Amino acid sequence: MATQPIPESADAPLRPRDLSHTPKRYLVLGATSGIAEATCRLWAAEGANLFLVGRAADKVEAVAADLRVRGAAYVDTAVVDLNETQHHADLLAHAITSLGGLDVAYLAMGILGEQSRAEQEPTHAENILHTNFTAPVSLLTTLANFMVKQGHGTLAVLSSVAGDRGRKSNYVYGSSKAGLTAFTDGLRNRVDREGVAVLTIKPGPVKTSMTAGMKGSEKFAAPAKVAKIIADRIGKGTGGILYVPGLWWPIMTVIKAIPDSVFKKLNL
Ligand SMILES: NC(=O)c1ccc[n+]([C@@H]2O[C@H](COP(=O)([O-])OP(=O)(O)OC[C@H]3O[C@@H](n4cnc5c(N)ncnc54)[C@H](OP(=O)(O)O)[C@@H]3O)[C@@H](O)[C@H]2O)c1
């Protein structure tokens with residue numbers, strides 16, 4: 001990457017900042033997500049070009065209108081149920097054409113589902129896995145191949161700390177995120193040398209519609225705080241794993257180290 005030479009003294013003339021690698025064109029899959037919307041607000045304030053995909057037309061339009069007011073240079077939308085993988089190729093081609101290229105794809109779609117229902121109804125467990133794993137794999141495979149061909153780009157994917165260890169209270173959701181984490185880990189290793197960054201984002205609990213009404217949700221992280229950390233990291237253009245807030249890295253390191261004989265007795 002070309003870097004800006006450091007002026008030799010404070011009097012040396014400052015050249016304009018090299019913005020050629022600053023991400024500007026964002027595709028957001030699941031744009032009505034609380035975390036995604038908060039992230040898009042930061043990008044809008046920088047004058048970004050955004051293509052928003054969601055499944056509820058009124059919600060997508062409300063987010064788009066808000067981002068235009070906040071300074072986005074360009075906002076286009078598509079209303080698509082992203083579970084319908086047969087539409088992915090056309091949708092992605094349309095989005096990339098609309099944006100005139102693509103720098104960052106931000107995948108935020110996801111459902112929590114109901115653990116107790118998933119224990120009794122295999123189809124409900126399948127639905128959770130489809131939305132959180134199978135459909136994202138379809139989207140990311142096409143996007144990764146496009147970015148490899150163009151030789152640059154960032155795939156930023158919202159996985160979860162829940163994927164780090166199966167807990168009895170939400171192992172179906174957790175396993176869908178474990179799959180997504182493993183997929184993005186492998187994808188990162190595949191495309192890293194091709195100029196494509198894959199960022200696996202693992203939030204702890206965040207105050208959004210997904211967690212509304214949960215016990216203790218008033219103490220969960222604010223979407224704006226989480227979004228700032230995510231946007232800053234995406235702005236660096238580097239892949240890797242991002243625990244957000246960062247405190248979740250040591251917490252999950254401890255949780256993963258608890259022996260199974262002890263872990264199964266815990267009420268987690
Ligand atoms: N909140 C947390 O504590 C937390 C923690 C860790 C990870 N995460 C992950 O972060 C991501 C964003 O979650 P959030 O907290 O922002 O929750 P959210 O506000 O409920 O966002 C979930 C988003 O996924 C969209 N979605 C679900 N199924 C879809 C489908 N078939 N087609 C298109 N869009 C679909 C939803 O659309 P609708 O608006 O139409 O429902 C919504 O925009 C999710 O992947 C979630 O698993 C969240």
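Biologist: Leaving aside neighbours within four places in sequence, which residues is Met-214 in contact with?

Modeller: Contact means heavy atoms within 4.5 Å. Beyond its sequence neighbours, Met-214 touches Leu-112 and Phe-220 by that test. Bear in mind that this is a predicted model.

Biologist: Where does Met-214 lie?

Modeller: Met-214 sits in the loop between E6 and H7. Its relative accessible area is 32%, so Met-214 is partly exposed.

Biologist: And Gly-213: buried or exposed?

Modeller: Exposed means over 50% relative accessible area. Gly-213 has 78% relative accessibility, so it counts as exposed. Gly-213 lies in the loop between strand E6 (196-203) and helix H7 (223-236).

Biologist: How many residues and how many Å separate Gly-213 and Val-191?

Modeller: Read both separations. Gly-213 and Val-191 are 22 residues apart in sequence, and their C-alpha atoms are 40 Å apart in space.

Biologist: Which pairs show the C-alpha separation at 9.0 Å?

Modeller: Take Ala-89 and Ser-138. They are 49 residues apart along the chain, with C-alpha atoms separated by 9.0 Å. Ala-89 is in helix H3. At 47% relative accessible area, Ala-89 is partly exposed. Then take Glu-126 and Val-172. These are 46 residues apart along the chain, and their C-alpha atoms are separated by 9.0 Å. Glu-126 belongs to helix H5 (residues 122-150). Its relative accessibility is 53%, so Glu-126 counts as exposed.

Biologist: Why does Asp-103 count as buried?

Modeller: Buried means under 20% relative accessible area. Asp-103 has 12%, so it is buried. Its place is the loop between helix H3 (88-99) and strand E4 (104-107).

Biologist: What lies 3.2 Å from a polar atom of the Asp-103 side chain?

Modeller: The backbone nitrogen of Lys-24 does. A polar contact needs N or O atoms within 3.5 Å.

Biologist: Which residues does a cis peptide bond join?

Modeller: Check omega. Val-244 and Pro-245 are joined by a cis peptide bond, with omega about -15°. Pro-245 lies in the loop between strand E7 (240-244) and helix H8 (248-257).

Biologist: Now the ligand. Which residues come nearest?

Modeller: Start with the shell. There are 29 residues around the ligand, and Thr-32, Lys-59, Tyr-173, Val-206 and Thr-208 come nearest. By class, the shell has 12 nonpolar, 13 polar and 4 charged residues.

Biologist: How much of the ligand does the protein bury?

Modeller: Compare the ligand alone with the ligand in place. Alone, the ligand exposes 880 Å², and the protein buries 94% of that.

Biologist: Which elements give two or more residues to the shell?

Modeller: Helix H1 (34-45) and helix H6 (171-191) do.

Biologist: Last, confidence. What is the mean pLDDT of the protein?

Modeller: The mean pLDDT is 92, and 91% of the residues reach 70 or more. Residues 1-22 have pLDDT below 50. Beyond near neighbours in sequence, that stretch has 10 contacts in the model.

Conventions
Residues are numbered from 1 along each chain as its sequence is written. This is a predicted model: local features need pLDDT of at least 70, side-chain atom pairs count only at pLDDT 80 or more; totals for chains, interfaces and linings use all residues. Side-chain values use heavy atoms; hydrogens and water are left out. A residue is near a molecule or strand if one of its heavy atoms lies within 4 Å of it. Accessible areas come from the Shrake-Rupley method with a 1.4 Å probe; for residues, only the protein chains shown count as cover. Helices (H or I, at least four residues) and strands (E, at least two) are DSSP runs, numbered from the N terminus. Ala, Val, Leu, Ile, Met, Phe, Trp, Tyr, Cys and Pro count as nonpolar, Asp, Glu, Lys and Arg as charged, and the others, Gly among them, as polar. pLDDT is the predictor's confidence in each residue, from 0 to 100. Buried means under 20% relative accessible area, exposed over 50%, partly exposed in between (1.4 Å probe, protein chains only). A polar contact is a pair of N or O atoms within 3.5 Å; within protein, one must be able to donate a hydrogen and the other to accept it, and residues adjacent in sequence count only if both atoms are side-chain atoms.
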